[in-house]
Amino acid sequence: IATYVDDVVYENNPEAQWIIDTVQKELIFGKMEELQFRFCGIEVKQDPTTFTITVTCKQTTEKIDPASISMERGMELQEDCVEEEQEEIMSMTGSLMWICRCCRPGIAYRVSKLQTASRHPTVADLVDANKVVKYVREDPERGLTFKRGLSWPSKPGETLQICIVPV
């Protein structure tokens, strides 16, 4: 069971359903969704045949707007951003951080650079932020896929190595 404010997501085996039933007697659940749902800005889909789970941030990705930069301003790469531009880069960076943390680890380096620059951003940083936004919006359904068959460590000292590679 995981909760966030007024959202609840859970997974259980049929023999443990009584636990959820007990919780539901105390907390009234709203809409119940299976196999495909949103939780905290993350879209989750499970294939009922293969049990593969896909996690994306499609709606959040599609909501990010790039900053509007005039042609002349775009040539002033070393200039500091004005207040309005600083707000735009901070907004874009915050949204990109969420997407990166939830389902797009492949943009982590670029987002980290934007975070570093966001204290005293230049027009070049704003241009870079727009490039990252353009990149993620090109494929808003890109995310993480978890396939069945992965053996999790069950004994002390056993480890699991996972490599996340953007596809």
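Is arginine 142 buried, partly exposed or exposed, and what is its relative accessible area? Arginine 142 is partly exposed, at 22%. Here buried means under 20% relative accessible area, exposed means over 50%, and partly exposed lies in between (1.4 Å probe, protein chains only). The model is predicted: local features need pLDDT of at least 70, side-chain atom pairs count only at pLDDT 80 or more, and totals for chains, interfaces and linings use all residues. Residues are numbered from 1 along each chain as its sequence is written, and side-chain values use heavy atoms, with hydrogens and water left out.

Arginine 142 forms a salt bridge with aspartate 139. The closest N and O atoms are 3.6 Å apart. A salt bridge is a side-chain nitrogen of Lys or Arg within 4 Å of a carboxyl oxygen of Asp or Glu. Aspartate 139 is partly exposed as well, with a relative accessible area of 32%. Salt bridges that share partners join Arg73, Glu76 and Glu85 into one network. The whole structure holds 6 salt bridges. Side chains of opposite charge can pair when their charged atoms come close.

Helices (H or I, at least four residues) and strands (E, at least two) are DSSP runs, numbered from the N terminus. Arginine 73 counts as buried, at 15% relative accessibility. Glutamate 85 is buried too, at 9%. Glutamate 76 is partly exposed, at 35%.

Helix 4 spans residues 83-102 and has 20 residues. From first C-alpha to last, helix 4 reaches 29 Å, close to the 28 Å expected at 1.5 Å a residue. The expected span is 1.5 Å times one less than the number of residues. Buried residues in helix 4 include Ile89, Met92, Leu96 and Cys100.

Helix 4 packs with helix 6 (residues 123-138) at an angle of about 35°, with the axes 10 Å apart. Axes are lines fitted to C-alpha atoms, for helices over the stretch in contact, and angles run from 0 to 180 degrees between N-to-C directions. The contact (heavy atoms within 4.5 Å) is made by Glu85, Ile89, Met92 and Leu96 of helix 4. Helix 6 contributes Asp125, Leu126, Ala129, Asn130, Val132, Val133 and Val136. By class, the contact of helix 4 with helix 6 has 8 nonpolar, 1 polar and 2 charged residues. Ala, Val, Leu, Ile, Met, Phe, Trp, Tyr, Cys and Pro count as nonpolar, Asp, Glu, Lys and Arg as charged, and the others, Gly among them, as polar.

The axes of helix 4 and helix 5 (residues 108-117) come within 10 Å and cross at roughly 150°. Ile89, Thr93, Leu96, Met97 and Cys100 of helix 4 meet Ala108, Val111, Leu114 and Gln115 of helix 5. The residues of this contact divide into 7 nonpolar, 2 polar and no charged.

Tyrosine 4 lies in strand 1 (residues 2-4). Tyrosine 4 counts as exposed, at 51% relative accessibility. Leaving aside neighbours within four places in sequence, tyrosine 4 is in contact with Phe39 and Cys40. Tyrosine 4 and phenylalanine 39 are 35 residues apart in sequence and 8.6 Å apart in space, C-alpha to C-alpha.
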